Amino acid sequence: MTYDYLVIGAGSAGLQLCLRMLEDPYFLEKKIGLLEKDIDSAPDKTWCYWEIGHGRWDHLIDHQWSQGFFAGGGEEIVLDLSPYQYKKLNAGKFFRFARKKIEESGKIDWIADEVVDVQFQDTVKIHGQNSNYQSYHVFDSRIDPDFYENQSCKKIWQHFKGWEIRTKEPSFDPNKFTMMDFRIKYNNSTTFTYVLPTSSTTALVEFTFFTPFMIDDHTYDLYLKKYIDNILKIREYTIDREEKGIIPMTDYPFYKNHQEKVTKIGTAGGWVRPSSGYSFRNSQRFVTKLIKNLKNNLPPHHGIGHNRFRTYDTIFLDLLEKHNEMGEELFTSMYTKNKIQQIFRFLDEESSFLQDIYFISTFEKWPFLKAAARSFS
Ligand SMILES: Cc1cc2nc3c(=O)[nH]c(=O)nc-3n(C[C@H](O)[C@H](O)[C@H](O)COP(=O)(O)OP(=O)(O)OC[C@H]3O[C@@H](n4cnc5c(N)ncnc54)[C@H](O)[C@@H]3O)c2cc1C
């Protein structure tokens with residue numbers, strides 16, 4: 001059998017794409033398959049994103065906040081997010097919801113297999129561990145191995161460990177999350193703590209690195225403990241759950257890995273915003289665009305990922321790569337000199353060129369100009 005569309009990977013991008021296809025009459029007569037290697041282990045991680053008002057996944061979210069907090073450069077500020085809400089979703093819950101929807105619909109084949117090779121002739125031939133498949137078009141969320149080998153792009157790793165803690169006494173304000181707190185740092189690098197309180201006695205506390213280097217597991221534990229002891233000043237708590245992650249922040253040209261009949265999606269398609277590591281919201285936006293392109297007979301990736309924003313991100317990554325010690329100063333400028341709504345618009349690639357100029361002018365000029373010169377010389 002030949003599929004019209006085969007999606008490789010039931011992750012953030014693949015699932016959002018399949019759920020959209022299920023709802024859209026354009027795909028009613030199409031034969032669609034979804035290939036996933038880890039079909040029985042729903043991912044246990046937290047996805048956060050911001051949006052204005054009611055959203056598509058509100059029935060799945062665990063918590064949302066209308067206020068944030070930032071601490072850095074000796075300053076502490078409360079971020080009033082209105083009209084935005086910052087929302088927390090469990091990836092496993094999302095996976096189970098999507099799987100049920102897909103299976104109940106009977107319209108998309110949910111296939112448990114690991115893809116080992118994809119070859120392109122008149123159709124795309126997909127070789128799996130268990131079987132082989134054919135499709136007229138493939139949406140592929142596997143990261144190209146060239147990304148790891150490539151030495152010429154900028155790569156910063158956003159790596160972190162989080163503890164979901166439970167306290168005896170009320171210790172958190174569940175209406176306010178901490179976006180970045182630089183008061184506890186690993187040496188002089190770009191490291192901070194992120195706190196997502198879900199009640200007065202429960203919170204996910206994550207110690208995060210934006211660095212070109214990695215560290216051992218023990219170091220995360222040490223810094224999490226320091227933050228909980230010294231900043232949150234919590235004496236008694238239990239750890240209910242742990243989560244760890246590594247997200248690439250890079251200007252690697254993922255778009256070069258698209259082929260006529262193979263469209264890369266998710267991280268593999270460059271859907272992670274390089275300067276922030278967020279991708280869940282991008283997946284939502286880019287899936288909409290991708291489907292519009294399909295209907296208009298355009299290459300599915302057409303217009304996805306704006307060059308102007310990639311240019312800013314390259315400069316930002318260059319600064320973090322060459323001067324990792326400047327991270328706190330950079331983010332302090334960002335959060336103290338700009339409204340959070342403007343930051344969200346910038347990260348969503350919705351700000352105008354003039355707004356971007358203002359945004360960039362709030363940073364120390366010389367390091368930025370030097371990074372720009374290095375990046376584009
Ligand atoms: C702990 C953690 C917390 C995070 N928090 C946030 C957050 O708050 N907000 C946010 O926006 N982003 C967050 N991220 C990043 C986000 O998870 C990723 O950017 C996003 O999942 C990328 O989507 P994706 O579809 O490309 O990849 P994934 O979601 O990783 O999905 C890829 C899928 O492809 C499957 N697969 C891979 N290779 C094959 C193969 N050969 N054959 C078949 N299947 C295959 C994998 O099993 C996987 O299910 C977090 C990441 C982690 C790890």
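# Reading the calls in a predicted model

Analyst: The lining of the largest cavity has 3 nonpolar, 2 polar and 3 charged residues. This is a predicted model.

User: Which residues line the largest cavity?

Analyst: W50, R273, S276, Y278, R281, N282, L347 and D348 line the largest cavity.

User: How much space lies in the second largest pocket, and which residues are closest to its centre?

Analyst: The second largest pocket holds about 460 Å³. Its lining has 26 residues, with Y252, P253, F254, Y255 and R310 closest to the centre. Elements β16, β17 (262-264), α5 and α6 each give two or more residues to the lining of this pocket. By class, that lining has 12 nonpolar, 10 polar and 4 charged residues.

User: Why is α6 called roughly perpendicular to α10?

Analyst: Helix α6 (residues 307-322) packs against helix α10 (residues 365-376) at about 105°, and the axes are 9 Å apart. Roughly perpendicular covers 65 to 115 degrees. The angle falls in that range, so α6 is roughly perpendicular to α10.

User: Which residues make the contact between α6 and α10?

Analyst: From α6 come T311, T314, I315, F316, D318, L319 and K322. From α10 come P367, F368, A371, A372, R374, S375 and F376. Heavy atoms within 4.5 Å define such a contact. The residues in the contact of α6 with α10 split into 8 nonpolar, 3 polar and 3 charged.

User: What makes β3 and β4 edge strands?

Analyst: The open sheet has 3 strands in the order β3-β7-β4, with antiparallel pairing. Strands β3 (46-52) and β4 (63-65) each pair on one side only, and they are the edge strands. The twist averages 25° from one strand to the next.

User: How do you know that β4 and β7 pair?

Analyst: Two strands pair if there are at least two bridges between them. Strands β4 and β7 (residues 84-90) have 3 bridges, so they pair, in the antiparallel sense. Q64 stands opposite K87 in β7. Helix α5 (residues 280-295) lies across β3 and β7, and runs at about 60° to β3.

User: Why do β5 and β6 count as paired strands?

Analyst: Strand β5 (residues 67-72) and β6 are linked by 6 bridges, where at least two are needed, so they count as paired. The sense is antiparallel. Q67 stands opposite D80 in β6. Together β5 and β6 form a hairpin with 2 residues between them. In the turn, G73 has a positive phi of about 60°.

Note on methods
Residues are numbered from 1 along each chain as its sequence is written. This is a predicted model: local features need pLDDT of at least 70, side-chain atom pairs count only at pLDDT 80 or more; totals for chains, interfaces and linings use all residues. Side-chain values use heavy atoms; hydrogens and water are left out. On a 1 Å grid over the protein atoms alone, a cavity is a set of points where a 1.4 Å probe fits but cannot get out, and a pocket is an open set with protein on both sides within 12 Å along at least five of seven lines; lining residues have an atom within 4 Å of a point. Ala, Val, Leu, Ile, Met, Phe, Trp, Tyr, Cys and Pro count as nonpolar, Asp, Glu, Lys and Arg as charged, and the others, Gly among them, as polar. Axes are lines fitted to C-alpha atoms, for helices over the stretch in contact, and angles run from 0 to 180 degrees between N-to-C directions. Helices (H or I, at least four residues) and strands (E, at least two) are DSSP runs, numbered from the N terminus. Angles under 35 degrees count as roughly parallel, over 145 as roughly antiparallel, 65 to 115 as roughly perpendicular and the rest as oblique. Grid points are joined across faces, edges and corners, and a volume is the space filled by probe spheres set on the points.
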